[in-house]
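Please open the structure in a viewer and keep the selection tool at hand.

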2 protein chains.
Amino acid sequence: VSGEYDLHYWPTIQGRGEFVRLVLEEAGATYRDVGRLPRSRGGGVEKIVALMEGEREGALPFAPPILVHGEMVLAQTALICAYLGERHGLAPAGHDGHFTALQHMLTIADIVAEVHETHHPISASLYYEDQLEEARRAAELFRSERLPRFLEYFEGVLSRSGGKWMMGEALTYVDLAIFQLLEGLAYAFPRSTRRLSAETPRLRSVRQRVRRRPRVAAYLRSKRRIPFNEEGIFRRYAELDPAR
Amino acid sequence: VSGEYDLHYWPTIQGRGEFVRLVLEEAGATYRDVGRLPRSRGGGVEKIVALMEGEREGALPFAPPILVHGEMVLAQTALICAYLGERHGLAPAGHDGHFTALQHMLTIADIVAEVHETHHPISASLYYEDQLEEARRAAELFRSERLPRFLEYFEGVLSRSGGKWMMGEALTYVDLAIFQLLEGLAYAFPRSTRRLSAETPRLRSVRQRVRRRPRVAAYLRSKRRIPFNEEGIFRRYAELDPAR
């Protein structure tokens, strides 16, 4: 399948690329997931590395996900989602809406980064096993302080939005990201997430409604959806979400 | 001084708010640094907290810095800088330029977050002294791997920009952020930064040229510029940048 967009992301994980994939899928856009294509079809990890090494004109990307769309080379997950959302009717119209939606998206990116730090508190360069004790301490504070604070905050955004979605009456890329965040949290911290879910009914409702969108539902059933695993951002390590 | 903008940020540190202050100062904008004003003039930390608790209509902010401009309530450092830069001729014109400049700004925000993690690897909720050994390990990997990678990357962006600034021939908010990043790194990691500075002449030049801009220079001499200290993001702890 060729397509309008080339997404460059690591081929074996959902990771940050999954936020982009969900926007592309809900939009019904045609795209190539370059990292997952075989070399014979111009894909593979080499293509991602070449892009980071400056193979193409345009802005140099620091890290995947990277979207290539015509002359545009764009990195940074939140920005790619905004860029696509605005092209496909999945973003609020206008200047102020652009900034407000991106604000929420970047706050989602912040908690995603904190999730990553629960299993890699010392450095992304070390194995999990080499920072396991530190991960236990980090995850405990994440579960008890940061996770409730973020989820209550997003629930508060929904209660003020003037509709059932994060930006009001219409679904946007921000809701797709909330869905992915909640799916990931439920995978990585099943016990803690279940407890908090009871206190955040609006978030629970967004998660259910996104999951049932026909294109999202079809995507989740397809092989294009990589299962969660312990190489991505959301990892299920029992010791990081123990029974109380 | 009243003003067009109300910046809400913690009153005793540069922190992430400093990236916003530099755009406001270079723009010659009139603004109130609300957290630093006395209560009698409508300022103080209480005002920041009230905003986070939803005192005003509009998008709920998660954390400072928060800009209030008319009806707009905007959080997320990178976005505030873009918003102001675009209003004051400190950003590229046009849709693609908006996205590319924000991409670079968000990558700067990423390294700033990693700097914070060098002294708070386990959690921002704990004191530095309670995660000192972990901080030593985290800082060593930051200095040896992440810091050179980021600086070489930004040097690469400059070498391809088509001008002496990050976005080409004109100064933008991205250059002001590069300046603040390099100032902060030189404060927090003086030894490591000095070594890397020799290998990144374009970055060194941006830092010098921004510092000499008349409005920036006047700001840096003023009392509005809070000195670096060990409560902010960039902290000088000798044990985190030891002699080799």
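The model shown here is predicted. Begin with the interface: 100% of the interface residues of chain A are also interface residues in chain B, so the copies meet through the same surface.

**Both chains and the axis**

Display chain A and chain B together. Chain A is superposed on chain B by a rotation of 180° with 0.0 Å of shift along the axis, and the RMSD is 0.0 Å. The two copies are thus related as by a two-fold rotation axis. To place this axis in the view, select A:Pro121: among the residues of chain A, its C-alpha comes closest to the rotation axis, at 2.7 Å.

**The interface**

Next, select the residues through which the two chains touch. On chain A, 48 residues are in contact with 48 residues of chain B. The size of an interface is often given as the accessible area lost when the parts come together. Between chain A and chain B the buried area is about 4,200 Å², and carbon and sulfur atoms give 62% of it.

How many salt bridges does the rule find across the interface of chain A and chain B? There are two. For a salt bridge between the chains, select A:Glu134 and B:Arg137, whose side chains meet with an N to O distance of 2.8 Å.

Now move to A:Phe62 and show the side chains around it. A:Phe62 belongs to one aromatic cluster together with B:Phe150, B:Tyr153 and B:Phe154.

**Aromatic residues within chain A**

Over all chains, the structure holds 18 aromatic pairs. One of them is formed by A:Tyr128 and A:Tyr237; this pair is stacked, with 3.9 Å from centre to centre and 5° between the planes. The pair links distant parts of the chain, 109 residues apart: A:Tyr128 is in the loop between helix 4 (95–119) and helix 5 (132–160) of chain A, while A:Tyr237 is in the segment after helix 9 (214–221) of chain A. Are these two tyrosines buried or exposed? Both A:Tyr128 and A:Tyr237 are buried.

Then select A:Arg236 and A:Tyr187. Here the charged end of A:Arg236 sits over the ring of A:Tyr187, 4.8 Å from the centre of that ring.

**Backbone features in both chains**

The last stops concern the backbone. Most residues other than glycine have a negative phi, and most peptide bonds are trans.

Select A:Pro64 and A:Pro65: the peptide bond from A:Pro64 to A:Pro65 is cis, with omega near 0°. A:Pro65 is found in the loop between helix 2 (45–52) and strand 3 (66–69) of chain A. In chain B, B:Pro64 and B:Pro65 are likewise joined by a cis peptide bond, with omega about 0°, and B:Pro65 is in the loop between helix 2 (45–52) and strand 3 (66–69) of chain B.

Finally, select A:Gln76, which is not a glycine and yet has a positive phi of about 85°. A:Gln76 is in the loop between strand 4 (72–75) and helix 3 (77–87) of chain A. Its relative accessibility is 16%, so A:Gln76 counts as buried. For B:Gln76, phi is also positive, near 85°, and this residue counts as buried at 16% relative accessibility.

How values were computed: Residues are numbered from 1 along each chain as its sequence is written. Chains are lettered from A and ligands numbered from 1 in the order in which they are written. This is a predicted model: local features need pLDDT of at least 70, side-chain atom pairs count only at pLDDT 80 or more; totals for chains, interfaces and linings use all residues. Side-chain values use heavy atoms; hydrogens and water are left out. Copies are superposed by least squares on the C-alpha atoms of residues with pLDDT of at least 70 in both. Contact means heavy atoms within 4.5 Å. Rings of Phe, Tyr and Trp (its six-membered ring) pair if their centres lie within 6.5 Å; planes under 30 degrees apart count as stacked, over 60 as edge-to-face and the rest as tilted. Helices (H or I, at least four residues) and strands (E, at least two) are DSSP runs, numbered from the N terminus. Buried means under 20% relative accessible area, exposed over 50%, partly exposed in between (1.4 Å probe, protein chains only). A charge sits over a ring if NZ of Lys or CZ of Arg is within 6 Å of the ring centre and within 35 degrees of the ring normal. Buried area is the accessible area (1.4 Å probe) that two parts lose on being put together, summed over both. A salt bridge is a side-chain nitrogen of Lys or Arg within 4 Å of a carboxyl oxygen of Asp or Glu.
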